[in-house]
Structures are given as structure tokens and as C-alpha cells.
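I have the sequence and the model open side by side this morning. Here are my notes, entry by entry, for anyone who wants to follow along.

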Amino acid sequence: MVTTGEFFGLPMVPLRGIVVFPNTVINFEVARKTSVEAVNEAVKKDTYLFLSTQRNIRMENPTQEDIYEIGVLCKVKHVLKLQGGALRVLASGEARARMITCRTEKYYLADVEVCTEEAIDTRFAHAYKRALLNAYEEYANATGKVTAEAVYALQEIAAPEELVDTIALTFSQNIEEKQLLLAQLKVEDRYKQLIAMIEQEKNVGLLEQEISKSTRVRMEKMQKEAYLREQIKSMQISLGEEDTDGEIEGFKQFIKNMPAPDDIKEKLMKEAARMERMNPQSPDYNVLLNYFEWITALPYGVYTEDTVDI
């Protein structure tokens with residue numbers, strides 16, 4: 001593990017769409033010629049590879065201003081050549097480092113200094129670890145995005161720095177949030193930030209589940225009502241009764257178009273919906289039928305000019 005010092009002219013890979021952390025094993029692919037050359041140089045000279053995330057993933061040739069200042073010093077463990085000249089790289093994150101300058105030759109070269117982290121107070125380390133693990137377990141139960149085995153494996157990590165970095169790497173957030181965690185050099189504050197992010201994502205997951213459940217219940221109710229209407233219609237046809245759906249739809253269309261206040265229309269539509277669910281042979285159905293026939297016969301919106309002579 002790197003503890004301190006400056007390194008000059010290290011091969012560097014600007015990463016697109018991922019943020020890496022120390023204390024973790026990293027698996028990534030590189031395809032740009034400069035990145036392939038940087039990985040090969042690190043392997044050839046058995047030196048550190050500096051990994052930092054570029055701000056815009058669509059930028060093909062980022063400059064120093066386009067790359068986050070804080071990255072990670074890594075040791076390349078294994079390289080697999082892919083079709084088209086790309087490489088799949090397995091590396092271990094060793095330490096946070098700050099990029100001082102970078103330049104481009106055959107590949108990116110960076111001058112970096114190892115960041116000094118402020119360790120967590122040993123009196124509070126266990127409490128923070130337990131709070132983080134509890135929050136992550138609740139998030140896993142609420143969203144189903146993390147397996148129970150993965151949560152159990154995290155409990156075996158003893159070092160506070162390794163635990164928070166490992167969860168930060170696997171936890172699903174956007175690039176900006178992950179970069180904030182990487183750049184946070186106070187381990188205690190890093191715990192606080194990550195716990196808050198997990199709690200927020202857990203609440204979002206619970207809300208999504210509630211919305212999904214409500215939608216499912218509503219859809220099931222609509223399907224049930226549609227099925228029952230079809231059953232009623234089939235029975236009416238079997239009994240030789242005439243189909244009343246067209247008649248009721250005519251009443252509904254009349255109500256929509258009638259020049260009347262909205263509250264009156266709403267009440268009439270409720271009565272029409274109630275009529276739809278009734279047996280046409282029932283006395284109540286005939287009462288509503290007479291009612292709607294009377295309503296539709298009234299000359300709504302038709303006025304005469306009266307002359308009153310007293």
C-alpha cells in the first residue's frame with residue numbers, strides 16, 4: 001500500500017463512465033490507442049498506473065481540465081487482449097492521488113502526489129461500520145439490487161477505509177456522487193456522505209415499489225371489471241337479451257356534450273356507470289333507463305324568446 005510521496009511521469013488512463021477506489025479490485029476495458037499504450041507501459045516497467053475519470057464520457061481526447069483531479073494509483077494484475085486491439089484490465093487500487101499535471105505523448109503521462117487521508121477515530125470506527133452495514137442491508141432488502149451473500153461478505157471486511165471504499169464502488173449512484181466520495185479525504189465524513197446517499201436511494205426504492213404495487217392493483221381491478229362485463233354480455237346474448245352497451249354509451253356521449261355544469265355531468269356519469277353494472281331485467285335498471293330517456297329528451301341549450309305582456 002502506498003502511504004506518501006510524489007510520482008512523476010506515470011502512465012495514466014482517463015476512464016469513461018466509471019470511478020475506481022483504493023482498497024478494491026478493479027476490472028475495466030480500454031480501447032483508445034493512448035490508453036492501451038499506457039497500460040502496456042505500466043506492465044512493461046512494473047510501475048503504477050494512474051486512473052482518473054474524465055468529466056465528459058463522449059470526449060475522445062480529454063485535456064487535464066477535462067479529467068477529475070483526484071484519482072487512484074493502481075497496480076496492474078492481469079491484462080487480456082480483446083478483438084480490435086482493446087484490453088481488459090484487472091488492477092488493484094492502492095491509494096488516492098492528486099494529479100498535478102498531465103501531458104500526452106504516445107500515451108497520457110501524469111505527475112501525481114499521494115493524498116494524505118485523515119483516519120477515523122478508533123473509538124467511533126465500529127459504530128460507523130455498523131451504521132453503514134445496516135443502511136446498506138436495508139437498501140438491499142428494499143430494492144433487491146444487492147444479494148444477501150454480498151452483504152454478508154462485506155461484514156468480513158475489518159478495515160474501516162476498505163469497507164467504505166468497497167461499498168462506494170459497488171453502490172449504484174451517478175459519477176458525480178462517486179467522485180465526491182473518492183475526493184473526500186476524511187474517512188469519517190466519507191462514511192456520513194455514503195450513509196446519506198444509501199438512505200436516499202432506499203427511500204426512492206420504497207417509493208418505486210409503492211407506485212408499482214398501486215399500479216398493479218389498479219390494473220388487476222380494471223382487468224377483473226372488463227372480464228366481468230364480458231361475462232355479463234355473454235350471458236345476455238345466451239338469454240336472448242339485447243345488448244344495452246350501445247344504448248348506455250349513447251347516454252354517456254349525450255352527457256359529455258350537454259351544456260350543463262361539470263358537477264351535474266359528473267353525477268350523471270356515475271349513474272350511467274352504475275347502470276352498466278346492473279342486470280337489464282332488474283327494476284332499478286328500468287328506473288334509470290326511464291330517467292336517462294327523460295334527460296336526453298329535454299331541450300338542453302335550446303332557448304325561446306318569450307314576450308311577456310301584463
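**Entry 1: the model.** I am working with a predicted model, so I kept to local features with pLDDT of at least 70.

**Entry 2: helix α2.** I began with the length of α2. Its 22 residues should span 32 Å at 1.5 Å a residue, and the C-alpha atoms at its ends are 32 Å apart, which agrees. Next I looked up which residues of α2 are buried. The list has Ala 125, Tyr 128, Lys 129, Leu 132, Leu 133, Ala 135, Tyr 136, Tyr 139, Ala 140 and Ala 142.

**Entry 3: α2 against α4.** Two packed helices are described by the angle between their axes and the distance between the axes. For α2 (residues 122-143) and α4 (residues 160-170) I noted an angle of about 20 degrees and axes 10 Å apart. Angles under 35 degrees count as roughly parallel, and α2 and α4 are therefore roughly parallel to each other. Their crossing is left-handed. Which residues meet here? From α2 come Ala 125, Lys 129, Leu 132, Leu 133 and Tyr 136; from α4 come Pro 160, Leu 163, Val 164, Ile 167 and Thr 170. I sorted the residues of this contact into 8 nonpolar, 1 polar and 1 charged.

**Entry 4: Leu 154.** This residue sits in helix α3 (residues 148-154). Is Leu 154 buried or exposed? Its relative accessibility is 7%, so I put it down as buried. Setting aside neighbours within four places in sequence, I found Leu 154 in contact with Leu 133, Tyr 136, Leu 163, Thr 166 and Ile 167. Leu 133 and Tyr 136 had already turned up on the α2 side of the α2 and α4 contact, and Leu 163 and Ile 167 on the α4 side. I also checked Leu 154 against Glu 113: they are 41 residues apart along the chain, and their C-alpha atoms are separated by 30 Å.

**Entry 5: α8 against α9.** I turned to α8 (residues 262-276) and α9 (residues 283-297), which pack at about 140 degrees with axes 10 Å apart. Roughly antiparallel needs an angle over 145 degrees, and α8 and α9 are therefore oblique to each other. α8 passes α9 in a left-handed crossing. In α8 the meeting residues are Leu 268, Glu 271, Ala 272, Arg 274 and Met 275, and in α9 they are Tyr 285, Leu 288, Leu 289, Tyr 291 and Phe 292. This contact divides into 8 nonpolar, no polar and 2 charged residues.

Entry 6: Most residues other than glycine have a negative phi. Asn 23 lies in the loop between β1 (6-15) and β2 (25-30), and it is partly exposed at 24% relative accessible area. Asp 46, also not a glycine, has a positive phi of about 50 degrees. I found Asp 46 in the loop between α1 (33-45) and β3 (49-53), where its 59% relative accessibility counts as exposed.

**Entry 7: Met 219.** My last stop was Met 219, in helix α6 (residues 187-238). With a relative accessible area of 39%, Met 219 is partly exposed. How far is Met 219 from Asn 56 in space? I read 41 Å, C-alpha to C-alpha, for two residues 163 apart in sequence.

Conventions. Residues are numbered from 1 along each chain as its sequence is written. This is a predicted model: local features need pLDDT of at least 70, side-chain atom pairs count only at pLDDT 80 or more; totals for chains, interfaces and linings use all residues. Side-chain values use heavy atoms; hydrogens and water are left out. Axes are lines fitted to C-alpha atoms, for helices over the stretch in contact, and angles run from 0 to 180 degrees between N-to-C directions. Helices (H or I, at least four residues) and strands (E, at least two) are DSSP runs, numbered from the N terminus. Angles under 35 degrees count as roughly parallel, over 145 as roughly antiparallel, 65 to 115 as roughly perpendicular and the rest as oblique. A crossing is left-handed if the near helix is turned anticlockwise from the far one by less than a right angle, and right-handed if clockwise. Contact means heavy atoms within 4.5 Å. Ala, Val, Leu, Ile, Met, Phe, Trp, Tyr, Cys and Pro count as nonpolar, Asp, Glu, Lys and Arg as charged, and the others, Gly among them, as polar. Buried means under 20% relative accessible area, exposed over 50%, partly exposed in between (1.4 Å probe, protein chains only). The expected span of a helix is 1.5 Å times one less than its number of residues.
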